Amino acid sequence: MSLHLWIIPLLPLTGAAINGLLGKRFPKALVNTIALGSTALAFAYALWVAVQFVGLPADQIPHIERYATWMTAGTFSAEYGIYLDQLSLVMLLVVTGVGFLIHIYSVGYMEHEGGYYRYFAYLNIFMFFMLTLILANNYLLMFVGWEGVGLASYLLIGFWFLKDSAANAGKKAFITNRVGDFGFLIALFLLIKHFGTLQYDTVFRAISAYPVEASAGLLTAIGLLMMVGASGKSAQIPLYVWLPDAMEGPTPVSALIHAATMVTAGVYMVARSNPVFNRAPIALMAVAVIGTLTAIFAASIGILQTDIKKVLAYSTVSQLGYMFMGCGVAAYGAGIFHLMTHAFFKALLFLSAGAIIHGLGGEQDMRRMGGLRKYMPKTFWCMTVATFTIAGFPPLAAFFSKDEILWKTWASGNHLLWLIGVIAAAMTSFYMFRLWFMTFFGEYRGAPAEDSQHGHNGHDAHGHAGPHESPMVMIVPLMILAVLSFVGGWVGIPAALGGSDRFDRFLDPVFHSTVESAQGAETAALPAEGRADHEETSTELLFMGISVAAAALGFVGAWFLYYKRADLPAKMAESAGGLYRLVHDKYRVDELYGATIIQPIILASTNILWKGIDSAIIDGAVDGSAAGAQDVSDGLRHMQSGNIRSYAGWVAFGAAIVIAFMVWKGVR
Amino acid sequence: MVPLSYYLVLSAILFACGVAGFLIKRNIITIFMSIELMLNAVNLTFVAFAAELRALSGNVFVFFVMVVAAAEAAVGLAIIISVFRTRETLNVDRINLLKL
């Protein structure tokens, strides 16, 4: 039975093609219909597929559809095909669902912007590539989607390309991603070399014949290189630097691409490649360590940011770190669970921030906000749900997902990682409530009415008169996402709280179908199953208590510093030492990269590649041959005297040579 | 019977005279006559070989050459006249518009 899954990616592609090629002449309503219609249809079809999928018998999962051979080279061949299992189904629903909501929101947010059709064409093409990425049945097709979303991200970050900072941020994102893609590509080459194919099913079956590697080996290398790719796409240390800059793009783009979907592609890829990582403990450990370090590193930067979108950007980096932390302790289900709830609440946070920016005519600096609770109550309530869920208060979504990650990290024996994770959770809570208090409480610190032409976002102040609530077309998606951020975690209530962890069980076949045949060394990381005895349950409850306490600590800290004694932070900043300034300057990582990598490359490019090779050797050869030809011609030019008798002389001379040659030949 | 080589040597001498005249003379009419001389040197070779080899095609070719020479003479003289009308000289050293 075929579900005709190819329809799903092709719908947004069609929308992108129509809007991109013809949209310039279309009225806005038609652009909306095409862009939103294609996404809505894709979402509806995805829902239908989900219903069909649940009805499939277990032996037909994963559901693989093969359409055509894409390319053949020697013994290697790749095909157009789709691989639908529980993992890609979850991703499919998240991407189409959240994507559709953000499309709706964009109608309101982008209303006053130029390049309206262009924006929606890019957004649709992003959807196409993202769906290709998650639905592909081989790594090569996944890589097409992987690069495609990078392209869409570049185009949308630089959407206001007349602004230098936006154009540069786009370039930075693209180039940083190239570094990661390089690693991913080498991982794929290794797969081709050793397994001869990139089809998921064949590769995974071949890998499951391998034993768990005790020390570094082939699978470790593949896993580490894949992690390099994932850390580029998903903004992990050391390649996270592009994501904060990516906030130059329109806010709905930040929500869709740089929070909810594209940046989670790395997590998806790691989870998809779980047979590799399960047999490469070193690579798996690297994933966990990178994730944890990123989580706390980015969270600490987020504490001192004043640009509302930058806070959220660092928060995204930090939350992605949690997802990798989950994957890194082989709790892929927990990582994907957090991916899903994060898609809801981070999209909500960004869209709420967008509503605030929109309502303030482009202001992004939190120091010029405040007291917005009474100007935009609906946004306030949506933001409140999002803030409490990311901070990890039960019974909201992120409480369950983040806590599952932390608990499984502890249960897998990585106690230090767990401790760092909890500290990062407290920081998360602190910077989010700081944002919340600075934005919605106290007095409005912005400029009065007309004077708000900051245009920070390229967002022109359209007859702007003081802070105001956003139109319904923006508020409704916020409300839907708020509901999802509230209840989205309930699909995965752990057994310790009387639930049955249905989300994990649903995903289980993806992550354990190949494990069971192996020694099972890594199944030690799955305590919730089988040995969930009474003692474990009480321990788990204790750890939940610690998580909530960390969240509460962050809340109290933020409340004290940014509400009760709002004058205190400025004083502390004045008397603060080097560490404060270091954090405030984002640990000067950009400067470090600039000095150690970018400057040397620029210098080498200028002096060796440009002035040395290009100017001297290549241009020298080309110019030299041209000059040589000119010199020779200058000499030969004098033969062209215009004198008939000299011409005739040359003819006679030539004839004489020919005759002499013939005679000489004849003589021999 | 006169041997073939005599004809060929005579023909070569005539051709060389033609070439020499073409290269040395400045008057365009003389040059023109030198060309005719070369053509006829070639004609002589043709008929000599035709007689020697008893092949008719040599004789036929001579007629072609004569026709071409006549046509050339007609066109060439017309050109010479128009050149003389515009430049009032027949000295080829002064007719050098082809110079770069």
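**A chat about chains A and B**

Me: Hi! How many helices and strands does chain A have?
Reply: Chain A has 25 helices and two strands. Keep in mind that this is a predicted model.

Me: Thanks. What box do the C-alpha atoms of chain A fill?
Reply: Along the principal axes, the box is roughly 115 × 70 × 55 Å.

Me: And how much of chain A is buried?
Reply: Of the 668 residues in chain A, 50% are buried. As for contacts between residues at least 6 apart in sequence, 80% of those in chain A join residues at least 24 apart.

Me: Which residues have the most contacts inside the largest nonpolar core?
Reply: Those are A:Val287, A:Ala347 and A:Leu348, in a core of 202 residues. Helix α15 of chain A, residues 332-359, gives the most to this core, with 18 residues.

Me: What is A:Val287 in contact with, leaving aside its neighbours within four places in sequence?
Reply: Its contacts are A:Met227, A:Val270, A:Phe277, A:Phe324, A:Cys327 and A:Gly328.

Me: Let's switch to the strands. In which sense do β1 and β2 of chain A pair?
Reply: They pair in the antiparallel sense over nine bridges, with β1 covering residues 63-73 and β2 covering residues 76-84. A:His63 stands opposite A:Leu84 in β2(A).

Me: How many residues are between the strands in that hairpin?
Reply: Two residues, and A:Gly74 in this hairpin takes a positive phi near 65°.

Me: Now A:Lys233. Where does it lie?
Reply: A:Lys233 lies in helix α8 of chain A.

Me: Is A:Lys233 buried or exposed?
Reply: A:Lys233 is buried, because 29 other C-beta atoms lie within 10 Å. The cut-off for that is 20 or more.

Me: What's around A:Lys233?
Reply: Leaving aside its neighbours within four places in sequence, A:Lys233 is in contact with A:Trp146, A:Asn177, A:Gly180, A:Val263, A:Ala265 and A:Gly266. Take A:Val263: this residue and A:Lys233 are 30 residues apart in sequence, while their C-alpha atoms are 5.7 Å apart in space.

Me: Speaking of peptide bonds, which one is cis with omega near 5°?
Reply: That is the bond from A:Ile237 to A:Pro238. A:Pro238 lies in the loop between α8 (218-233) and α9 (242-245) of chain A. Another cis peptide bond joins A:Pro394 and A:Pro395, with omega about 0°. A:Pro395 is found in the loop between α16 (377-391) and α17 (397-411) of chain A.

Me: Back to helices. At what angle do α5 and α6 of chain A cross?
Reply: At roughly 170°, and their axes come within 8 Å. The two helices are therefore roughly antiparallel to each other. By class, their contact has 10 nonpolar, four polar and two charged residues.

Me: Which residues meet there?
Reply: On the α5(A) side they include A:Tyr139, A:Phe143 and A:Ile157, and on the α6(A) side they include A:Ala166, A:Phe174 and A:Leu191.

Me: On to chain B. How do α2 and α3 pack?
Reply: Helix α2 of chain B, residues 28-53, packs with α3(B) at an angle of about 175°, with the axes 8 Å apart. That angle is over 145 degrees, so α2(B) and α3(B) are roughly antiparallel to each other. Their contact has 15 nonpolar, four polar and one charged residues.

Me: Where is B:Glu88?
Reply: B:Glu88 is in the segment after α3 (56-87) of chain B. Phi of B:Glu88 is near 55°, a positive value in a residue other than glycine. B:Glu88 counts as exposed, because it has 8 C-beta neighbours inside 10 Å.

Me: Last one: how many residues of chain B are in contact with chain A?
Reply: 10 residues of chain B, which meet 10 residues of chain A. The side of chain B that touches chain A has seven nonpolar, one polar and two charged residues.

Definitions and conventions:
Residues numbered from 1 in each chain as written. Chains lettered and ligands numbered in written order. Predicted model: local features only at pLDDT ≥ 70, side-chain atom pairs only at ≥ 80, totals over all residues. Contact = placed C-beta atoms within 7 Å. Nonpolar A, V, L, I, M, F, W, Y, C, P; charged D, E, K, R; others polar. Helix = DSSP H or I, 4+ residues; strand = E, 2+ residues; numbered from the N terminus. Buried ≥ 20, exposed ≤ 12 C-beta atoms within 10 Å, placed from the backbone. Axes fitted to C-alpha atoms, helices over the stretch in contact; angles between N-to-C directions. Parallel < 35°, antiparallel > 145°, perpendicular 65-115°, else oblique. Pairing = 2+ DSSP bridges. Core = buried A, V, L, I, M, F, W, Y, C linked by C-beta atoms within 7 Å.
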